[in-house]
Amino acid sequence: MLGGYLLSNLVRPFFGLAGHWVALVCLRAIDRVGKGLRSAPRDALVADATPSAMRGAAYGFHRAMDNGGACFGALIASAAVAWGGLALPEVMLWSAAPGLLGVILIAVVLRELPHARASVGPRARPDWRALPRVLQRYLGLVALFGFARVSETFVMWRGHELGCGTAGLLLLWALMSLAKSTTALLGGHIADRIGPLAMLRLGWLALALGYALLALVGTRYSLWLAGAAFGLLAGLSEGVERALVGALAPVASRGLAFGWYHLLSGAVAIPAGVLFGAVWGEGGAGFAFTLVALVALACAAASLGLKERG
């Protein structure tokens with residue numbers, strides 16, 4: 001986990017120095033390698049450190065803090081661009097400072113629980129067949145839902161189409177992040193009360209509604225309203241997917257289970273983004289957001305065939 005965060009923060013300042021899109025693609029790829037290295041062990045660490053009765057709240061809290069940081073980071077960046085006289089590349093350079101602080105805190109403060117390092121049964125084989133059948137079905141559905149998971153970057157692009165400036169787009173990003181942070185913890189607490197699978201269905205339905213609202217956007221004013229509503233609705237399922245992985249995975253296989261979760265989610269992200277962009281180019285933003293809303297509804301319906309046990 002430490003290595004993943006360190007790698008991402010080492011390359012992040014170079015985003016502000018890149019002068020060509022090829023360099024940006026390479027830097028982004030290295031940054032995503034860092035994310036891949038840290039995500040599964042971090043989520044497994046949360047599961048190890050959290051009682052099962054409050055696992056939803058733990059992952060909800062993690063997502064709330066993550067989105068809260070994105071909100072304040074975007075606000076600081078917006079202020080630096082609008083009033084500080086800094087260009088966006090300079091802001092990217094300065095973003096390395098809080099990232100480095102986070103890496104130092106992980107190295108100095110964080111400690112693994114003894115039972116997390118101990119042997120807790122037969123070692124899981126690093127392959128798909130080592131996972132329980134119900135977890136395999138769930139992860140397959142998560143991969144399918146990846147085609148309904150639209151990057152917030154497309155919402156920013158919609159704002160660009162409608163004439164929003166750089167500072168305005170940063171503020172919109174901050175608003176969406178704040179909205180998701182507000183409801184992420186709530187979604188986690190509800191998951192602990194009604195079960196993560198039931199909350200997952202509600203969260204995917206809420207996300208479908210959020211996409212439907214974005215499909216109706218036609219002005220900058222309506223984009224701000226729809227963006228805030230989308231953030232609130234999307235936050236409900238933030239962390240619930242991971243809480244369900246933690247509930248379905250055997251203790252000895254949690255790292256492996258989260259590895260497959262992030263592998264499938266990441267593998268689907270590129271074709272899903274390309275497909276969404278192609279649909280956007282052919283039919284417009286409204287049609288593209290409507291289509292992913294329908295995919296989210298279909299996945300929510302398909303989740304009715306899942307069980308939390310067995």
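**Entry 1: the model**

I am working with a predicted model. I keep that in mind for every value below.

**Entry 2: salt bridges overall**

How many salt bridges does a search of the whole structure find? I get 12. I then looked up some of them one by one.

**Entry 3: Arg12 and Asp31**

I looked at Arg12 and Asp31. Their side chains meet in a salt bridge, 2.8 Å from N to O. Which parts does this pair tie together? Arg12 sits in the loop between helix H1 (2-11) and helix H2 (21-49), while Asp31 belongs to helix H2, so the bridge links parts 19 residues apart in sequence. Arg12 is partly exposed, at 27% relative accessible area. Asp31 has 2% relative accessibility, so I file Asp31 as buried. The cut-off for buried is under 20%.

**Entry 4: Arg42 and Asp43**

I turned to Arg42 and Asp43. The side chains of this pair form a salt bridge at 3.3 Å, N to O. Are they buried or exposed? Arg42 counts as buried, with 9% relative accessibility. Asp43 is buried too, its relative accessible area being 0%.

I picked Arg63 and Asp66 next. Their salt bridge has its closest N and O atoms 3.4 Å apart. Where do the two residues lie? Both are in helix H3 (residues 55-82), three residues apart, which is about one turn of the helix. Arg63 is buried at 13% relative accessibility. Asp66 is partly exposed, with a relative accessible area of 39%.

**Entry 5: the nonpolar patch**

I left the charges and looked up nonpolar side chains on the surface. Ile194, Leu202, Leu205, Phe287, Leu291, Leu294 and Leu297 form a nonpolar patch there. Together they have about 630 Å² of accessible area.

Which helix gives the most to the nonpolar patch? I find that H14 does, with four residues. Helix H10 (196-215) and helix H14 (285-302) each supply at least two residues. I also placed Ile194, which lies in helix H9 (residues 166-194). Ile194 is partly exposed, at 42% relative accessibility. Patch residues need over 30% relative accessible area, so Ile194 clears that cut-off.

How values were computed
Residues are numbered from 1 along each chain as its sequence is written. This is a predicted model: local features need pLDDT of at least 70, side-chain atom pairs count only at pLDDT 80 or more; totals for chains, interfaces and linings use all residues. Side-chain values use heavy atoms; hydrogens and water are left out. A salt bridge is a side-chain nitrogen of Lys or Arg within 4 Å of a carboxyl oxygen of Asp or Glu. Buried means under 20% relative accessible area, exposed over 50%, partly exposed in between (1.4 Å probe, protein chains only). Patches are made of residues with over 30% relative accessible area and no salt bridge: like charges are joined within 9 Å, nonpolar side chains (Val, Leu, Ile, Met, Phe, Trp, Tyr) within 5 Å. Accessible areas come from the Shrake-Rupley method with a 1.4 Å probe; for residues, only the protein chains shown count as cover.
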